Amino acid sequence: ASLDAKQGRLDSACGTPGDEDIFELILTGGGSLTATVEALEGDIVPTVSLRSGCGTTTETMCGPTISASFGSSTTTYLVVDQVGAADGRYRLTVDY
């Protein structure tokens, strides 16, 4: 996917003010989730966060790689953000 060269609307606790993409994940049954994000093109430093809602106050973790366990079916939000405000492409890998 790609990020635009602009200020994002939702900042992360990782200090990432740039553009972001939000993915709603509907998890069926318990399991472990691991997500990793890496820059492919452009001058971006992407990070990924996990939230129980869209707002930054619901963020539970962030970084280039995150890992969490879920005991039952749930909905969670995976957010790819960036430290700067440049444009570029990234690869997000999610395992559940």
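User: Which residues does Glu 20 touch, not counting those up to four places away in sequence?

Analyst: Leu 3, Gly 8, Arg 9, Leu 10, Val 79, Val 80 and Asp 81. Contact here means heavy atoms within 4.5 Å. This is a predicted model: local features need pLDDT of at least 70, side-chain atom pairs count only at pLDDT 80 or more, and totals for chains, interfaces and linings use all residues. Residues are numbered from 1 along each chain as its sequence is written, and side-chain values use heavy atoms, with hydrogens and water left out.

User: Where is Glu 20 found?

Analyst: In the loop between strand S3 (16–18) and strand S4 (21–27). Strands (E, at least two residues) and helices (H or I, at least four) are DSSP runs, numbered from the N terminus.

User: Why is no salt bridge assigned to Glu 20?

Analyst: A salt bridge needs a side-chain nitrogen of Lys or Arg within 4 Å of a carboxyl oxygen of Asp or Glu. For Glu 20, the nearest side chain of opposite charge is Arg 9, and it is 6.3 Å away. Lys and Arg count as positive, Asp and Glu as negative; His and the chain ends are not counted. Glu 20 is therefore buried without a salt bridge.

User: What does the side chain of Glu 20 reach at 3.0 Å, and what at 3.2 Å?

Analyst: At 3.0 Å, the backbone nitrogen of Arg 9. At 3.2 Å, the backbone nitrogen of Leu 10. The cut-off for a polar contact is a pair of N or O atoms within 3.5 Å; within protein, one must be able to donate a hydrogen and the other to accept it, and residues adjacent in sequence count only if both atoms are side-chain atoms.

User: Why does Ser 32 count as partly exposed?

Analyst: The scale is relative accessible area: buried is under 20%, exposed is over 50%, partly exposed is in between (1.4 Å probe, protein chains only). Ser 32 has 44%, so it counts as partly exposed.

User: What makes Ser 32 and Ser 69 a pair to look at?

Analyst: They are 37 residues apart in sequence, yet 4.2 Å apart in space, C-alpha to C-alpha. Their side chains also make a polar contact at 3.3 Å. Ser 32 sits in strand S5 (residues 31–42).

User: Which side chain is in polar contact with that of Thr 65?

Analyst: The side chain of Thr 36, at 3.3 Å. Thr 65 lies in strand S8. Its relative accessible area is 45%, so the class is partly exposed.

User: What makes the sheet an open one, and in which order do its strands run?

Analyst: Four strands run in the order S1-S10-S5-S8, with antiparallel pairing. Strand S1 (2–3) and strand S8 (65–70) stand at the edges, each with a single partner strand, so one side of each has no neighbour in the sheet. Strands of a sheet pair through backbone hydrogen bonds, either parallel or antiparallel.

User: Why do S1 and S10 count as paired?

Analyst: Pairing requires that DSSP finds at least two bridges between two strands. S1 and strand S10 (residues 88–95) have two, so they pair, in the antiparallel sense. Ser 2 has Arg 89 as its bridge partner in S10.

User: How many salt bridges are there?

Analyst: Three, by the rule above. Glu 38 and Arg 91 meet at 3.2 Å, N to O. Glu 38 lies in S5 and Arg 91 in S10, so this pair ties together parts 53 residues apart in sequence. Arg 89 and Glu 41 form another, with the closest N and O atoms 3.3 Å apart. That pair also links S10 and S5, at 48 residues apart. Arg 51 and Glu 59 meet at 3.2 Å, N to O.

User: Arg 51 and Glu 59: buried or exposed, and why?

Analyst: Arg 51 has a relative accessible area of 1%, so it is buried. Glu 59 has 15%, so it counts as buried. By contrast, Arg 89 at 40% is partly exposed, and Glu 41 at 45% is partly exposed.

User: Which residues have the most contacts inside the largest nonpolar core?

Analyst: Val 48 and Leu 78, in a core of 16 residues. S4, S5, strand S6 (46–51), S8 and strand S9 (74–82) each supply at least two of its residues. A nonpolar core is a set of buried Ala, Val, Leu, Ile, Met, Phe, Trp, Tyr and Cys residues joined through side-chain atoms within 4.5 Å. Leu 78 touches residues including Phe 23, Ala 35, Val 48, Ile 66 and Leu 92.
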